[in-house]
Amino acid sequence: MTDDEKRKFLSLVAYGIHSKYQKKLKRRMEGEFECKSVYIYEYFLEHPVIKKSEKGSISGFAPFLLRILNESRFVPKITKDFPESWRDIERQPYNYDNVKEFWNFHSKGARGANICVHSFIAKEILDVWENDYEEEERKVEHGWVKKEAEGATVKGNFTYGIDYFKKDYLAEIKHFDDISRTGFLKEYMVSVLPWLSCPEMEYLNIATLSISTNNIFYGYILIFYPPLPDGRDIIMGKNGEGSESFRWLKDFIKDTYVPVLALFENYWEEKKLKKELDTVPDWKKFIFLDSSLKESPDPIEKGLHMLWDARKAFYDGCSPKKEVVKKIRDSLLFSEYLVASPGMAGEIKKGVIKPRKKLDKYKEKDHLSCVLVIGEPGSGKDTIAQIVRLFFPEYRFGKIYTINMASLKPSFLSVPLMSGFESAITGKSSVGDIDSNINIEAAIRGLFSKIWSEFCRDYPDIENAWKEGVMPVVILDELNSLDVDAQGSLLRILQNAELQPLGAPGSKEKVDFLVIGVVNEPDDILTLETPLRKFITDKNVFGGVVGRALYEYFRNIRRLRDDLYYRLVREGKVKVPDLADRRQDIPILFSFFVKKELDNEFEDGIGWENLWFDFDIFEELMDETISWSGNFRQLQSVARRTAYSVLQDEKNKRALKDIKTGGKDSFIHISLNHIKEIMKEFFEKEI
């Protein structure tokens with residue numbers, strides 16, 4: 001796990017979000033300011049900054065400068081000799097080999113080893129974010145910087161004369177460290193150089209907005225734009241009271257970028273912890289353990305802090321250590337689940353990461369805690385179902401029992417299979433002249449009773465198990481396959497937190513599980529609540545025998561009883577969006593699917609460092625005209641066909657051979673050419 005890998009993954013995660021907001025922002029700026037020429041990209045911190053924490057060098061990188069090159073179709077040429085003048089920089093046609101040489105395949109972007117030392121904008125915006133200044137607006141050398149009232153976002157505008165970029169800037173960065181010098185030279189070549197040839201340009205504006213919360217600084221957005229009439233800037237707008245464009249962008253950052261980057265950082269932190277559990281983890285370096293997040297107003301930050309805090313307490317206070325490590329490792333579920341779409345991040349924020357408090361003392365409950373997870377096949381709903389329990393303190397380290405409800409067949413056996421069965425048979429038997437009484441008692445334990453018995457055997461002290469957070473979790477997979485009539489028995493278990501075997505009216509057993517139902521159909525199909533209510537309320541339309549017959553018909557074909565549905569969603573519901581509603585996840589999913597196919601060519605799989613995905617592919621796959629009617633399975637099919645096409649490419653064949661023999665500088669190139677025919681076949685789309 002290297003920083004190069006982290007930059008690559010973050011680029012995949014952020015690409016869809018970047019694509020969405022920069023298109024919308026450009027349209028808004030054109031409408032509000034008639035500003036057609038604009039460059040937009042981000043600088044991400046390689047390690048996010050916690051407010052008031054100790055800091056070393058703060059490095060950052062800008063992965064989406066490549067999009068600007070895509071638009072210009074020319075690649076600046078970097079030579080061994082550092083250019084003395086902007087006129088010394090040559091430009092060459094855009095193609096794979098030239099891009100490969102320019103970016104050297106590291107993170108696809110420009111890097112700065114210490115952006116707070118070398119980047120004036122980064123230094124100012126970070127300083128204002130971390131400190132409380134009394135003045136409304138802080139005047140700086142080339143412009144102004146201001147922190148929003150809530151203290152989470154910093155905005156600013158900087159103005160540089162064109163002569164400064166023509167004469168002085170290159171001389172300044174020439175003395176930076178090697179990484180920063182090359183990184184800022186790339187940034188200059190891509191985002192500044194095109195403006196220098198404009199004959200009437202006297203200065204260049206750079207607007208900025210931080211990607212941050214009150215507690216964590218993830219990076220900032222840069223917007224390069226030409227002079228506006230009357231010397232205005234795009235942040236304050238035409239009337240000086242703030243522009244619509246920037247208000248929209250600030251809300252987008254808060255609602256989309258911040259939660260996605262928090263989830264990504266947690267993903268990466270979990271991958272690090274998973275590796276460190278083989279020895280002794282250095283808990284101090286994990287950012288979500290920072291005590292300042294305990295009272296964070298951001299629910300994701302607070303929820304993740306509580307989870308990490310519980311992991312550390314469990315590691316420090318419980319034994320045996322081998323079992324503790326296993327349970328913590330099993331809890332690192334986010335390390336397998338990367339999301340970038342606003343819809344998916346919103347569902348996690350709303351239905352999964354809820355800071356819940358643990359009760360001080362265990363007590364028998366009169367109902368079971370329940371959550372419902374809804375999603376199409378292949379959408380990741382099974383992983384989400386397991387992630388949900390991490391935010392129920394009493395169950396986060398508990399053993400997971402998955403019951404496939406579709407297997408409870410035939411339907412008339414589903415109730416005894418769940419609840420158990422007891423019977424007593426009394427009769428007489430005659431053998432010759434001798435009569436004898438026969439009493440036979442039979443007891444079959446149900447699935448829930450078996451789970452509870454196993455738990456009580458492993459944890460006879462339930463009070464202590466409650467404190468440690470190891471209470472059991474039951475996942476009811478394909479719950480909508482359970483017979484409708486049998487759902488009444490399940491409802492009683494959930495509602496009363498007790499088991500009563502059939503044939504044993506006086507025998508009840510109190511239980512305590514977290515129950516997570518998993519279904520693969522949307523709400524309206526699950527319960528058919530709307531048409532059922534119509535039959536009940538509108539007697540003029542569906543009255544009499546016909547109405548009752550239709551009511552019974554629909555009642556029997558529905559997938560989930562409405563009373564069971566509302567019982568399950570009482571403490572949370574997560575709807576995993578269809579692929580068409582989470583297009584920003586396509587770069588991640590497609591890359592992982594393609595890599596999985598290419599892994600078959602290597603004994604230990606191919607490393608991410610040996611793969612190069614052109615951004616153009618993601619743009620085509622995220623096209624709004626594609627319906628993705630086949631959902632995630634369709635994307636997997638496209639990825640599988642793409643991998644086959646990639647392996648037929650002669651250049652990739654040579655690269656594959658070189659990688660297998662230990663070559664470190666070869667890359668499998670996945671380009672737009674590899675999906676042209678596939679896109680036409682699957683979507684009738686010409687590229």
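Q: Leaving aside neighbours within four places in sequence, which residues is Tyr-43 in contact with?
A: Contact here means heavy atoms within 4.5 Å. This is a predicted model, where local features need pLDDT of at least 70 and side-chain atom pairs pLDDT 80 or more, while totals for chains, interfaces and linings use all residues. Residues are numbered from 1 along each chain as its sequence is written, and side-chain values use heavy atoms, without hydrogens or water. With neighbours up to four places away set aside, the partners of Tyr-43 are Gly-60, Phe-61, Ala-62, Ala-110, Phe-184, Glu-187, Tyr-218, Gly-219, Tyr-220 and Leu-222.

Q: Is Tyr-43 buried or exposed?
A: Tyr-43 sits in strand E1, residues 39-50; strands (E, at least two residues) and helices (H or I, at least four) are DSSP runs, numbered from the N terminus. The relative accessibility of Tyr-43 is 1%. The cut-offs are under 20% relative accessible area for buried, over 50% for exposed and partly exposed in between (1.4 Å probe, protein chains only). Tyr-43 therefore counts as buried.

Q: How far apart in space are Tyr-43 and Phe-64, C-alpha to C-alpha?
A: In sequence, Tyr-43 and Phe-64 are 21 residues apart. Between their C-alpha atoms, the separation in space is 8.9 Å.

Q: What percentage of the contacts with a separation of 6 or more joins residues 24 or more positions apart?
A: The protein has 26 helices and 21 strands, and 55% of its 687 residues count as buried. Among contacts at a separation of 6 or more, the share from residues 24 or more positions apart is 73%.

Q: Which elements are included in what covers the buried residues of H24?
A: The buried residues of H24 (631-648) include Phe-632, Leu-635, Val-638 and Leu-647. Their cover includes helices H22 (586-598), H23 (615-621) and H25 (650-660), strand E21 (668-670) and helix H26 (676-683).

Methods:
Expected span 1.5 Å × (residues − 1).
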